[in-house]
Amino acid sequence: MLELKIMNSKGVEILKISNKAKLITSIVGKVLTAMILAGSLLGAIIFLEYRPVYEVSYGGENLGYIGSKKNLQKNIDNYLKYGDSENVGYVILKEKPEYTFKFAKKDVETKDEQVYAYIKDKCDVYYKVYAVQSNDEEVCRVETLAMAQEIVDKANEEQKKFTKKATLTISEAYEKEVETSTDIELAVADIIAPVKKLNAEITKVYNTPAAATVVSKEILDAMREDNRELHFSIPVQTYVITSRYGWRRNGTEFHTGIDYAAAIGTPIYASEDGIVTCAQWKGNYGYLVKIQHTGGFETYYAHNSRFAVNVGDEVKKGDLIAYMGSTGRSTGPHVHFEIRYNGSHFNPEDVL
Ligand SMILES: [Zn+2]
C-alpha cells in the first residue's frame with residue numbers, strides 16, 4: 001500500500017493520496033483534458049486559418065482547387081448527359097477527373113468555374129445533324145429534320161419534270177464539328193444539277209444517230225436501272241411473216257428487215273423502250289417510225305398508214321406507235337421491221 005501524504009509546516013495533513021489507481025486515473029484525466037483543450041485550440045486555429053477544398057486533376061494535369069466537388073460533379077454529369085444545346089447527340093469524356101481532399105489556407109483561390117470549363121473543353125461533343133442523300137450519296141447536312149425535309153420536298157418538286165429522278169433520303173448523322181448548310185436553295189440546286197445533266201445526256205444518246213453514239217457506263221446504268229437488258233419483241237400481235245431478212249429470191253436485192261402482214265390499221269407496238277427519232281415519210285419506207293434504244297440499237301417500223309407518236313416521244317415497250325398500212329414501196333399491208341445496231345442492220349430474228 002502506497003501512501004502519499006502532503007502536510008503543511010505544522011505537520012497537519014492536507015492531502016493524502018492513498019491509492020495508486022486513483023493517482024493514475026487522475027494523471028490520465030488531466031492529460032486527456034489537456035489534449036482535448038489543445039485539439040480544440042488547433043481545430044479553432046485550422047477553422048480560422050484553413051478551409052476544406054478539393055484539388056482536381058485531369059489526365060495527370062493539376063487544375064487547382066475547387067470549393068464544391070458535389071457541384072462540379074453534378075455539372076459534369078449534366079453536361080455528359082445533355083450537352084449544352086438541343087442538337088447535341090452525345091458527349092464523351094475519356095477520363096474521370098480526380099479529386100483530393102485538402103485543407104488549404106483560407107484565402108486560397110478556388111476555380112470551380114475554370115475547372116468546369118477546362119473539363120468541358122476536354123469533352124468530345126457529337127452534334128446530331130441530318131444528312132440528305134441523293135442516290136445514296138450525301139449532298140448536305142443540316143441542323144434540323146424540318147430543313148432536311150424541306151430540301152427533299154423542293155428537290156422532288158423540281159425533278160418532277162425529268163424522266164430519270166434521283167432517290168432522295170434523309171438520315172441522322174453525328175459529327176464533332178457542326179458543319180451544316182443553311183442554304184436550302186443551294187442544297188436543292190446541288191441535287192438537281194446532276195439530275196439535269198444525266199437527263200440531258202440520256203436525251204442526247206437517244207437523239208444521236210446510233211453509229212455516232214458512245215454510251216458511258218453511267219448513262220447505260222441509268223437507262224437500265226432495273227438491270228433490264230434489251231429484249232426486243234415482235235411489233236404486232238397477230239401476223240403472217242411474208243418476207244424474212246436476207247437476199248431476196250431474185251438474188252439482186254437484200255431485204256434489211258422482216259415483214260409482218262396483217263390488216264390495214266392493225267396496231268403497231270414499240271419493240272423496246274426508247275425515244276421516237278422519226279415519224280415521217282421516208283421514200284420507199286413510206287410512213288416510217290424509228291425508235292432509238294439504249295446501247296446503239298434502233299428499230300424501224302415502215303409502211304404505216306398513220307402515226308400514233310411524235311418525234312421526241314419517250315415510249316415504253318408495247319406502247320402503240322402507229323397503225324399498219326401499205327405506204328411507200330409496198331405490195332400489200334404489212335409492217336417492215338428492222339433492228340439496227342450502230343447503224344448496221346442484222347437479222348431481227350436473232351434477237352426476237
Ligand atoms: Zn420489208
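Two strands pair if DSSP finds at least two bridges between them. Keep that in mind for the views below, which come from a predicted model.

**Figure 1**
Of the 352 residues in the protein, 23% are buried. Now think about contacts between residues at least 6 apart in sequence: 65% of them join residues at least 24 apart.

**Figure 2. A sheet of 3 strands is open, with antiparallel pairing.**
Follow the strands across the sheet in the order β14-β20-β18. Which strands lie at the edges? They are β14 and β18 (306-307), and each pairs on one side only.

**Figure 3. Strands β18 and β20 (residues 320-323) run antiparallel and are joined by 2 bridges.**
Here we look at one pairing from the sheet in Figure 2. What stands opposite phenylalanine 307? Look across to β20, and you will find alanine 322 there.

**Figure 4. Glutamate 272 sits in a loop between two strands, β14 (267-269) and β15 (274-281).**
Is this glutamate 272 buried or exposed? Glutamate 272 has 22 C-beta neighbours inside 10 Å, so it counts as buried; the cut-off is 20 or more. Leaving aside residues up to four places away in sequence, glutamate 272 touches Leu230, Phe232, His293, Thr299 and Lys317. Glutamate 272 and glutamate 298 are 26 residues apart in sequence, and their C-alpha atoms are 9.4 Å apart in space.

**Figure 5. Helix α2 (residues 69-82) packs with helix α3 (residues 112-122).**
The axes of α2 and α3 are 10 Å apart, at an angle of about 30°. That angle makes α2 roughly parallel to α3, because angles under 35 degrees count as roughly parallel. The crossing of α2 past α3 is right-handed.

**Figure 6. A closer look shows which residues of α2 and α3 meet.**
On the α2 side, find Asn71, Leu72, Asn75, Ile76 and Tyr79. On the α3 side, find Asp112, Val115, Tyr116, Ile119 and Lys120. How many residues of each class does this contact of α2 with α3 have? There are 6 nonpolar, 2 polar and 2 charged residues.

Note on methods:
Residues numbered from 1 in each chain as written. Predicted model: local features only at pLDDT ≥ 70, side-chain atom pairs only at ≥ 80, totals over all residues. Axes fitted to C-alpha atoms, helices over the stretch in contact; angles between N-to-C directions. Helix = DSSP H or I, 4+ residues; strand = E, 2+ residues; numbered from the N terminus. Parallel < 35°, antiparallel > 145°, perpendicular 65-115°, else oblique. Left-handed = near helix turned anticlockwise from the far one by under 90°. Contact = placed C-beta atoms within 7 Å. Nonpolar A, V, L, I, M, F, W, Y, C, P; charged D, E, K, R; others polar. Buried ≥ 20, exposed ≤ 12 C-beta atoms within 10 Å, placed from the backbone.
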